[in-house]
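Hi everyone, thanks for coming.

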Amino acid sequence: MQRLEDIRQKDLDAIFTYYRDVTKQITIQTGSEKLIVWGDLQSSDMEMSAGEKPVNAYAVTLYVRTVEIPKAFRKKLTKDAILYVESEAYKVIDVADDGGVFCISLERGTQRGASMSGREL
């Protein structure tokens with residue numbers, strides 16, 4: 001009889017490595033440390049209200065297998081840290097490790113001058 005952990009690991013391998021229906025190799029970087037991981041960057045729905053940033057702000061979530069991100073790299077992913085995904089700067093909103101999938105909630109909004117420097121201000 002298989003253990004639940006073994007079944008979950010087979011599913012993660014199938015999704016992130018073998019079938020690659022939604023995943024691709026993504027380069028992520030924080031500080032001077034850079035990784036190439038199999039992951040999925042998905043847009044999230046965002047309600048715009050008077051309290052939100054400008055209309056061109058949006059939120060995304062990066063899904064990566066937990067085993068692909070070293071613990072030292074994970075420690076750098078704190079709230080408001082800057083994470084580069086495919087050379088595009090995002091601000092880390094939250095991180096969660098759920099069943100072997102590391103979920104990084106990110107936010108990107110263009111502010112004055114941000115397009116020149118390529119980094120969120």
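Let's begin at T23, which sits in the loop between helix 1 and strand 1 (24-30). Helices here are DSSP runs of H or I with at least four residues, strands are runs of E with at least two, and both are numbered from the N terminus. Before going further, a word on where this comes from: it is a predicted model, in which local features need pLDDT of at least 70 and side-chain atom pairs count only at pLDDT 80 or more, while totals for chains, interfaces and linings use all residues. Residues are numbered from 1 along each chain as its sequence is written, and side-chain values use heavy atoms, with hydrogens and water left out.

Back to T23. Is T23 buried or exposed? It counts as buried, at 7% relative accessibility. Buried means under 20% relative accessible area, exposed means over 50%, and partly exposed is in between, using a 1.4 Å probe and protein chains only. Leaving aside residues up to four places away in sequence, T23 touches I15, F16, W38, G39 and D40; contact here means heavy atoms within 4.5 Å.

Now let's zoom out. The protein has three helices and six strands, and along the sequence they follow the pattern α-β-β-β-α-β-β-β-α. There are 121 residues, and 35% of them count as buried. Taking contacts between residues at least 6 apart in sequence, 49% join residues at least 24 apart.

Next, helix 1, which covers residues 4-19. Its 16 residues reach 21 Å from the first C-alpha to the last, close to the 22 Å expected at 1.5 Å a residue; that expected span is 1.5 Å times one less than the number of residues. Where does helix 1 bend? The bend is at D13, by about 35°, taken as the angle between axes fitted to the seven residues ending there and the seven starting there. The buried residues L12, D13, A14 and F16 are also in this helix.

Side chains of opposite charge can pair when their charged atoms come close. How many salt bridges does a search of the whole structure find? It finds four, a salt bridge being a side-chain nitrogen of Lys or Arg within 4 Å of a carboxyl oxygen of Asp or Glu.

One of them joins the side chains of R65 and D13, at 2.5 Å from N to O. R65 lies in strand 3 and D13 in helix 1, so this pair ties together parts that are 52 residues apart in sequence. Both R65 and D13 are buried.

Then there is E33 with K76, whose closest N and O atoms are 3.0 Å apart. Because E33 is in strand 2 (residues 33-43) and K76 in helix 2, the pair links parts 43 residues apart in sequence. E33 is partly exposed, with a relative accessible area of 23%, and K76 is partly exposed too, at 35%.

K91 and E107 form another salt bridge, with closest N and O atoms 3.6 Å apart. K91 and E107 are both buried. Salt bridges that share partners also join D13, R65 and E68 into one network.

Let's finish on E68, found in the loop between strand 3 (58-65) and helix 2 (71-76). A polar atom of the E68 side chain lies 3.0 Å from the backbone nitrogen of W38. Not counting residues up to four places away in sequence, E68 touches L35, I36, V37 and W38.

Notes: A polar contact is a pair of N or O atoms within 3.5 Å; within protein, one must be able to donate a hydrogen and the other to accept it, and residues adjacent in sequence count only if both atoms are side-chain atoms.
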